[in-house]
Amino acid sequence: MSPEDRRPQATQQVVAPPEGSIADTFARLLPGIEMQAIQGVRDVLLIVDGKDARRLLETARNEPSLACDFLRDLCGVDFEANGLEVVYQLFSYEHRHGVTIRAKLPGQDPKIASVCDLWQGANWHERECRDMFGIVFEGHPNLVPLLLPDDMLDHFPLRKDNPLAPLL
C-alpha cells in the first residue's frame, strides 16, 4: 500500500462567500486580477497567482475600506505536482474582519515579491519560508537563512520531495 493510499480521502466542499463579503470588495477594487474566492471557517480565502499577490496585498493594507493592518501569519505550503503556495492571513483591527490570501507559485524556482515594507512582521516569516520551502522573496531587505546553516542551499526541509533521514 503506497503512502497516498493510506491518506484519508477528505471531501472538501467549496462554498462561495456570501454576497457583499470582503471578496466582493477585492473584486470591485481589482477588476484585472483573476482570483478564486472561497468561504473558509473563519475568513474568506482568496486564491491568486503569485504575480498578482503583491498588488492584492497592497490593496488589502492601503485601501481604507479593507485596512488590513495586521499580518497574522505568513507560511508556505507544498502541493507537490501542483506547486507551492504562500499563505497570508490578514486582519483589520479597524473593521474587525480578516482575509486569507493564497498565492500560487511554481514548484521549480518559486519567487514572489516581499511584503516586508507593508508589514514588518513579514521579515522573519519570509526568511523562515525561504529556509523551509526555498521560496525567494524578491526585494526582501535581508533574506539570509534564519533556521538553517548559511551554506545549506541544496534542499528544503518542508518540501515534500525532501528525503527524510532514516530512523535509528
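A residue is called buried when its relative accessible area is under 20%, exposed when over 50%, and partly exposed in between, with a 1.4 Å probe and protein chains only. The model is predicted, so local features need pLDDT of at least 70 and side-chain atom pairs count only at pLDDT 80 or more, whereas totals for chains, interfaces and linings use all residues. Residues are numbered from 1 along each chain as its sequence is written, and side-chain values use heavy atoms, with hydrogens and water left out.

Helices (H or I, at least four residues) and strands (E, at least two) are DSSP runs numbered from the N terminus. Five strands make up an open sheet of mixed pairing, in the order E1-E2-E5-E4-E3; two strands pair if DSSP finds at least two bridges between them. Strand E1 (35–39) and E3 are at the edges and have a single partner strand each, so one side of each lacks a neighbour in the sheet. From one strand to the next, the twist averages 20°. Strands E4 (residues 84–92) and E5 (residues 97–105) are antiparallel and share nine bridges. Gln89 is opposite Thr100 in E5.

Helix H3 lies across E1, strand E2 (44–49), E4 and E5, at about 135° to E2. Axes are lines fitted to C-alpha atoms, for helices over the stretch in contact, and angles run from 0 to 180 degrees between N-to-C directions.

Cys68 is in the loop between helix H3 (50–62) and strand E3 (70–78). Cys68 has a relative accessible area of 0% and is therefore buried. Contact means heavy atoms within 4.5 Å. Not counting residues up to four places away in sequence, Cys68 touches Ala60, Arg61, Leu90, Phe91, Ser92, His97, Val99 and Trp119.
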